[in-house]
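Please look over the sequence and the model shown below before reading on.

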Amino acid sequence: DALLTAGKDYDITPFGVETQRLLRLEKGHFIVGQDTDGMSHPGELDLEWAVNANKPFFVGKRSVEYLARAEQRRKLVGFTLPSDSPRPQEGHLVLDAGDISGNVTSCEYSPTMDSIIGLAYVRPHQSTEGEHIDIRVDGAELVRGTVVALPFYDPKNKRQAL
């Protein structure tokens, strides 16, 4: 109550976990263990910048170096769908010419974007911005998403300057 009173002039409002999950998705932040798995590596997540390859040792260095040399098999991308499209669920399959090429890891309707936004693993050739991906939703229906650059919302972080 004291926080709400103190923040009244700033239009502070309480929010819950689901709102927090939507806000992180709008910013393109992934959840370790939901959007990643035990086989995920920095190259799949565009996190090469976070690994200091010049460091003489860190736990997992040998595995990261090995995976960096290996052919990349999947990439985590952002995708959008029109707001009136059936919404994919986590685990729904991404297809490439009828073959399974990946899966949806997170997906929600974003009122801010007025569209369905999500993260999914796809084959590297499907990861280019503007590429269309087929997602099999409930009832074996196919919806066509569009790969987009992350984050979905406020890519230049202008809101942080407010």
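## Strand pairing and selected residues

Strand 2 and strand 5 (residues 132-136) pair in the antiparallel sense over 3 bridges, where two strands count as paired if DSSP finds at least two bridges between them. This is a predicted model, in which local features need pLDDT of at least 70 and side-chain atom pairs count only at pLDDT 80 or more, while totals for chains, interfaces and linings use all residues. Residues are numbered from 1 along each chain as its sequence is written, and side-chain values use heavy atoms, with hydrogens and water left out.

Helices (H or I, at least four residues) and strands (E, at least two) are DSSP runs, numbered from the N terminus.

| Pair | Sense | Bridges |
|---|---|---|
| Strand 2 (residues 93-96) and strand 3 (residues 99-110) | antiparallel | 4 bridges |
| Strand 2 and strand 5 (residues 132-136) | antiparallel | 3 bridges |

Within these pairings, L93 stands opposite R136 in strand 5, and D96 has D99 of strand 3 as its bridge partner. Strands 2 and 3 form a hairpin with 2 residues between them, and A97 in that turn has a positive phi of about 55°.

As for side chains, the charged end of R74 sits over the ring of Y121, 3.9 Å from its centre (CZ of Arg or NZ of Lys within 6 Å of the ring centre and within 35 degrees of the ring normal).

A6 belongs to helix 1 (residues 2-6) and is exposed, with a relative accessible area of 57%, because exposed means over 50% (1.4 Å probe, protein chains only). The C-alpha atoms of A6 and Q160, 154 residues apart along the chain, are separated by 21 Å.

How values were computed: Buried means under 20% relative accessible area, exposed over 50%, partly exposed in between (1.4 Å probe, protein chains only).
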